[in-house]
Structures are given as C-alpha cells and as structure tokens.
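Please take a moment to look over the chain and its fold before reading on. The report below is meant to be read side by side with the model.

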Amino acid sequence: MKRLVKAINEVKKRYEQDEIPKIIKGAKGIAPEVVRLREQDFATVKCETCRYWEPKSKNCKVLVIDVEATQTCDAFQGLESGFKKYNIGRERIESFKKGIIKSKALNLKVFQSLLSPVGWLLLIKDGLNHIYSLELNDFVDMTSMNNGWMQDEVEKIIKSGKEG
Ligand code: SF4
C-alpha cells in the first residue's frame, strides 16, 4: 500500500510540474469554447447530472458561469445519484462481450488536460463518442488499482509524451 501511495504521489508531482501537453495555465474558470459548451449530446449526459453543476444557482464549478440543466460540455462528470443503469441480462452477456470488442466501445482516448478551479481534469472520449472528464487523482487511482499500471510503465508514457 505504501508503494502504491508513493507511486501515485510521484505521478501527481510530475503532472503538477507541467509535464502534460496542452495545459491551460492558471486555475481560473475554463472558457466555454475550450470544453465546447453545447446542448446535451445524450439523454444521460447533461449539466443536470454532472457533479460540477449547482442546481440552486445553476453555476458550473469548472466554467464558473451559469449553465442550463440541458447543456453539456467535454468536462462532464456523472453524479453518483444521477445516472441511469443499463440492463444486459445473463443470456446476453456473451453477445455483450463480443459487441464491446467489435465496436471498440471501451477504447478510451485522453485528448486534453485542463487546470480548472476543481483541479486537474483529463478529458476522455470513448468508442461510443461519450465525452467526459476524470479528475487527475481519480485517473491515477483508477489506472493504478483497476489497470495495475506501474511506475516504470508510467515513466515510459511520460517519456513518449515528452518526445511528442
Ligand atoms: S462541467 Fe460541463 S457538463 Fe458539468 S456542469 Fe459544467 S458545463 Fe455542465
């Protein structure tokens, strides 16, 4: 556990030292055009179900402006209480597995990083064209714990990023 915490802290330090490309300097509200503020793309993806939306004031913590419940942007991040669970059914698990592989639905692409008032955000697009963000700490936790990324592998990723 100690090693894991150390590894996470080391990666965080590197990110904080501006080693990610396309960084927006300063922790001010992100400009709406940077995260393409727009009408919702999907019924499940909208400000109303985003963790950064304040329902009372309609203020977005990332953009630091008022936004409508039916809008969305690339920094969307689902609320734990706001999502609708889909249904597979046991008899369709095999087809579900094959379909995920065939359609590349889980191909994740990190396409942007932003320093926002809520901290570092990584913007991600999946194979179904769902766009959302993950906070850096959550991304590091997820890839360390779920994917088992190790420090030497992350060093290689950082090196390849530096080389452009
Ligand atoms: S981060 Fe984007 S999706 Fe979330 S509340 Fe702000 S504008 Fe809406």
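Residues are numbered from 1 along each chain as its sequence is written.

**Confidence.** The mean pLDDT of the protein is 86, with 84% of its residues at 70 or more; pLDDT is the predictor's confidence in each residue, from 0 to 100. Helix H1 (residues 2-16) has the lowest confidence, with a mean of 52, whereas strand S4 (residues 71-72) has the highest, at 97. Over residues 18-24 the pLDDT is below 50, and in the model this stretch has 14 contacts beyond near neighbours in sequence, a contact being two residues whose C-beta atoms, placed from the backbone, lie within 7 Å. Where pLDDT is low, the predicted coordinates should not be read in detail.

**Overall make-up.** The protein has four helices and seven strands, and from the N terminus on these elements run α-β-β-β-β-α-β-β-β-α-α. Helices (H or I, at least four residues) and strands (E, at least two) are DSSP runs, numbered from the N terminus. Of the 164 residues in the protein, 20% are buried, where buried means that 20 or more other C-beta atoms lie within 10 Å of the residue's own, exposed means 12 or fewer, and partly exposed lies in between, with C-beta atoms placed from the backbone. Among contacts between residues at least 6 apart in sequence, 62% join residues at least 24 apart. Helix H2 (residues 93-103) has 11 residues, and because the number of them that are buried is zero, this helix lies largely in the open.

**The three-stranded sheet.** Three strands in the order S5-S6-S7 make an open sheet with antiparallel pairing, and two strands pair if DSSP finds at least two bridges between them. Strand S5 (109-116) and strand S7 (131-135) are the edge strands, each pairing on one side only. S5 is joined by seven bridges to strand S6 (residues 119-125), the two running antiparallel, and they form a hairpin with two residues between them. Within this pairing, Leu114 stands opposite Leu121 in S6, and Leu115 has Trp120 in S6 as its bridge partner. Helix H3 (residues 136-145) packs on the sheet, where it touches S6 and S7, and its direction makes about 90 degrees with that of S7; axes here are lines fitted to C-alpha atoms, for helices over the stretch in contact, and angles run from 0 to 180 degrees between N-to-C directions.

| Residue | Phi |
|---|---|
| Arg36 | near 50 degrees |
| Val64 | about 55 degrees |
| Lys104 | about 55 degrees |

Arg36 is placed in the loop between H1 and strand S1 (38-39), and it counts as partly exposed because it has 13 C-beta neighbours inside 10 Å. Val64 is found in the loop between strand S3 (59-60) and S4.

**Around the ligand.** Which residues come nearest to the ligand? Of the 14 residues around the ligand, these are Cys47, Cys50, Trp53, Cys60 and Cys73, a residue being near a molecule if its C-beta atom, placed from the backbone, lies within 6 Å of it. The shell divides into 12 nonpolar residues, two polar and no charged. Here Ala, Val, Leu, Ile, Met, Phe, Trp, Tyr, Cys and Pro count as nonpolar, Asp, Glu, Lys and Arg as charged, and the others, Gly among them, as polar.

Methods:
This is a predicted model: local features need pLDDT of at least 70, side-chain atom pairs count only at pLDDT 80 or more; totals for chains, interfaces and linings use all residues.
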